[in-house]
Protein chains: 2
Amino acid sequence: MAIYQRVALIGLGLIASSMAHAMRQGGLAGEIVGHARSAETRAAALEIGICDRVFETAAEAVVGADLVVLAVPVGAMGEIAAEIAPHLAAGATVTDVGSVKQAVIAAVQPHIPEGVHFIPGHPLAGTEHSGPRSGFATLFRNRWWLLTPCEGADPGAVARLRSLLEAMGANVDTMDAPHHDLVLAVTSHTPHLIAYTMVGVADDLRRVTDSEVIRYSAAGFRDFTRIAASDPTMWRDVFLTNKEATLEILGRFTEELFALQRAIRLGDGDHLHEYFTRTRAIRRGIIEAGQDTAAPDFGRSSETATGPGPKAKG
Amino acid sequence: MAIYQRVALIGLGLIASSMAHAMRQGGLAGEIVGHARSAETRAAALEIGICDRVFETAAEAVVGADLVVLAVPVGAMGEIAAEIAPHLAAGATVTDVGSVKQAVIAAVQPHIPEGVHFIPGHPLAGTEHSGPRSGFATLFRNRWWLLTPCEGADPGAVARLRSLLEAMGANVDTMDAPHHDLVLAVTSHTPHLIAYTMVGVADDLRRVTDSEVIRYSAAGFRDFTRIAASDPTMWRDVFLTNKEATLEILGRFTEELFALQRAIRLGDGDHLHEYFTRTRAIRRGIIEAGQDTAAPDFGRSSETATGPGPKAKG
């Protein structure tokens, strides 16, 4: 049964198109309309069938929608909110899928009219691919979708949005926005920056190592390249808008890295061994929390069905 | 057909036990004997059937073997080589599976008697698990196995070892040891150190973030924990013995990281966007080189059969 009668997707990339597929599959939306700046993207959305109708402007797209999903880069949220505000239906819910929450709230909330519910959100799901053709219905299955409702948010509106997200397969949790931004700086933003950096270093060394960096990438580096292949615009905006928390975690990171670097230089094997033993425990916690399996095969399913995954050594 | 009549595995962890399984499956060894320091590991090896016989000392294990595989941490290679040297059969081949090659050669080569072939090697394969029960026959399938034969190595002995490795499913390549150590510092050693560091930082923050770091780890951090769960002793030895190359790459890494950190602090979005766009290309190279697929499912095979993998966003 449809949870919303008309859903307007503003931005038609990986997340929005996956939402459309999931809503279609579950019959969760009466009608799905959309807007993207690029005519090519709009045409693709119609062709694939993720939207029933598309509009050249976000303002037109939100008319009569009871759910509006802002699925554009974080840096573009404020401008879109200003544009759509006069056209939002009374009682409508506006949510977003941005990776940073404080900055989005600061940019969007002031534009939201009385009687419209703004409920910020963030699905912890994605792939290294982007664009309207990259979506698929099961993207959110068993993934977390964090909501950071502002004080005084309407409980009924939150419950309705939650039921949509759960119907798409997501596990929903709520927290306040500053806390969200700190947790994500640790679990996502800083790891991404580090992965980008390491891949950049390897790229610089290509002249020294020829194609060997790519050839022998299975030995750990490959996981970094996967992370570092994500959408550049989205990530630029994440770092610019979650600046404080990212710089704070980066500071701690370089401090610890220097301590390990010093241990290597001084040949302090005990320090290294102790550190590496401690980090093993957190991995076990993740497996126990059901966020990964002990025997994944990441990408080699046809080959390693009989054994644990190919996390490379050496 | 058996390529070696008697293979002696010194050290019975993930790599050695996987070799045993693969050799059994392919009928590649007449007999497999082994040694491990721990009585429990030796008993497990007999119980699982990866060894026909086990010995309390490495010296006893190598008697009459035409292939000896040193599968102990890099830091233990020299001592083992000294112990087994007087007991090696004339014409035998000794190889190792260490992640660093110059240090292993320096530690082992001086002990190798005239008439015995020492051919250093390094399989780029592994999992986050260790011990004799973690091995499986397909670990090396489609993975690189690098050989760094010393000048004047016997071509016949190298070809015979290569045929064994290929029969276990590996792709074999040869290079010189210093080059190996530099390439691996980029593709494996530095990424591992960085992953260990990031996981350590997250562990420190657990008090702030409660269990949320683990709960929401799918957003990038999970890949780091997988890398950082590898065997602490092995990795301690890697960093202590590939010190120069690792410190060199680490230096470049922190230099680049500081440049990105500065761009975040100054709000220089163009610098970030340009950097992130460049790193996307190296990922494409890896997919084209067949070292990964564009649509992996790393660990969610039952869920995402219809779409690309779950590399988490934001």
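## A tour of chains A and B

Select strands β4(A) and β5 (residues 93–96) of chain A: four bridges join them, and they run parallel. This is a predicted model, in which local features need pLDDT of at least 70, side-chain atom pairs count only at pLDDT 80 or more, and totals for chains, interfaces and linings use all residues. Residues are numbered from 1 along each chain as its sequence is written, chains are lettered from A and ligands numbered from 1 in the order in which they are written, and side-chain values use heavy atoms, with hydrogens and water left out.

**Stop 1: the strands**

Strands (E, at least two residues) and helices (H or I, at least four) are DSSP runs, numbered from the N terminus. Two strands pair if DSSP finds at least two bridges between them. Pick Leu67(A); its bridge partner in β5(A) is Thr93(A).

Show the side chains of β4(A), residues 67–70. Leu67(A) and Val69(A) point one way, Val68(A) and Leu70(A) the other, and all are buried. Buried means under 20% relative accessible area, exposed over 50%, and partly exposed in between (1.4 Å probe, protein chains only). In a regular strand, side chains alternate between the two faces of the sheet.

**Stop 2: a helix crossing between chains**

Select α7 (residues 177–204) of chain A and α13 (residues 269–288) of chain B. Their axes come within 9 Å and cross at roughly 65°. Axes are lines fitted to C-alpha atoms, for helices over the stretch in contact, and angles run from 0 to 180 degrees between N-to-C directions. The two helices are therefore roughly perpendicular, a term for angles of 65 to 115 degrees.

Which residues of α13(B) make the contact? Tyr275(B), Phe276(B), Arg278(B), Thr279(B) and Ile282(B) do. From α7(A), the contact residues include Leu193(A), Tyr196(A) and Asp203(A). Contact means heavy atoms within 4.5 Å.

**Stop 3: Asp203(B)**

Move to helix α7 of chain B and pick Asp203(B). Is Asp203(B) buried or exposed? Asp203(B) is buried, at 12% relative accessible area. Asp203(B) touches Arg278(A) and Ile282(A), not counting residues up to four places away in sequence.

**Stop 4: Asn142**

Select Asn142(A), in the loop between β7 (121–123) and β8 (144–147) of chain A. Phi is near 65°, a positive value in a residue other than glycine. Asn142(A) is partly exposed, at 41%. Finish on Asn142(B), where phi is near 65° and the relative accessible area is 40%.

Definitions and conventions: Angles under 35 degrees count as roughly parallel, over 145 as roughly antiparallel, 65 to 115 as roughly perpendicular and the rest as oblique.
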